[in-house]
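Please keep the sequence and the structure in view while reading.

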Amino acid sequence: MNLRQAMAELTMLHKGPAEGYAGNAPVALVVADDAEAAADAVAALELAGCVARKPVSFAEASADPGNYDGLDLILIEAVAAPDALLDVVLARADMTARERSLGIVATVSPEQIDAAAAQLLGPRTQILCTPNRADRISAIATAKWRARGVMDDVNREAESARLRRLSEEVARIAETLARLTRGDDAEPRGGVRDRGAGYRGPDTGPPVEIAPAEIRAVIRARRMRAQFFADELFADPAWDMLLDLFAAGLERRQVSVSSLCIAAAVPPTTALRWIGTLHDAGLFERQADPTDRRRAYIGLSSKGIEGMRSYASAVKRAGLHLV
């Protein structure tokens, strides 16, 4: 399946048997001060089978996005937004989305990642950074589906699974093409194994001391591979982020969302997707900065800490090296 085919099938699936009529299609509000960004957002919405209302500026949205009725999604193009209005719009959009079960897709610059992560706390939120069209469509697909609520029969559940696979395929194909010209890394492609079927816990034994320097040495060794091999051969953002947060926890140091994106060694949008995946898996938790409301920290949850400590202890007891 090529990119055009995947996007076409994704669009048809999103429209569904009833959504071919504009009255039944999800309705989205676009907030943007940049005309080109607004046009890109509207085009992606239309390809995903949504109806876009006339874009509004940050000044208009700062009054109160809750005044806009009949919405399913809010798209925020923050790149050209005034700093004075950005926090207000993000906070009010987040409140409106949580109250009405709306989806949010926010496109930000690298410098705005922490501000967005600090304000957008809802479960139906996705943050993108310098996305391409496929990134936007994939994010809209996910946000749209979550905003429409939980399906109530097996057929709809099967359609939901197919939708997720198609969304992932669109992003995967787009990134594969992008890597050929830009050297980008891969997208998340699967879930996180939990203590369910097929999980085997570590061997029991005495506690093993783990020094943060050991974890940092592993991270440095992993980064050195890029001196000899192409980056995409070893792209593993989930593990890189787990290692970085594990070391930071041992050092009693906090890690911002933007710093964690850098530690992932992949494009920001890819890193943000992985942060969402690991947060949904219960391995990451968001931590507010009490001194700066425009910054959010990410740390390992108790589940994540237990998993990393257990893994590191089992490896050391076996006389192996951490990797």
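## The sheet

Strands β7 and β8 (residues 296-300) run antiparallel and are joined by five bridges, strands here being DSSP runs of E with at least two residues, and helices runs of H or I with at least four, numbered from the N terminus. Within this pairing, Gln 287 has Tyr 297 of β8 as its bridge partner.

The open sheet has three strands in the order β6-β8-β7, with antiparallel pairing, where two strands pair if DSSP finds at least two bridges between them. Because β6 (255-256) and β7 (284-288) each have a single partner strand, they stand at the edges, and one side of each is left without a neighbour in the sheet.

## Basis of the model

The model is predicted, so local features need pLDDT of at least 70 and side-chain atom pairs count only at pLDDT 80 or more, while totals for chains, interfaces and linings use all residues. Residues are numbered from 1 along each chain as its sequence is written, and side-chain values use heavy atoms, with hydrogens and water left out.

## Helices α9 and α12

Helix α9 (residues 237-250) packs against α12 at an angle of about 95°, with the axes 10 Å apart; axes are lines fitted to C-alpha atoms, for helices over the stretch in contact, and angles run from 0 to 180 degrees between N-to-C directions. The two helices are therefore roughly perpendicular (65 to 115 degrees). Among the residues making the contact are Trp 239 and Phe 246 of α9 and Met 308 and Arg 309 of α12, contact meaning heavy atoms within 4.5 Å.

## Ser 313

Ser 313 lies in helix α12 (residues 302-317) and counts as buried because its relative accessibility is 10% (buried means under 20% relative accessible area, with a 1.4 Å probe and protein chains only). Apart from neighbours within four places in sequence, Ser 313 is in contact with Val 208 and Ile 210.

Conventions: Buried means under 20% relative accessible area, exposed over 50%, partly exposed in between (1.4 Å probe, protein chains only). Angles under 35 degrees count as roughly parallel, over 145 as roughly antiparallel, 65 to 115 as roughly perpendicular and the rest as oblique.
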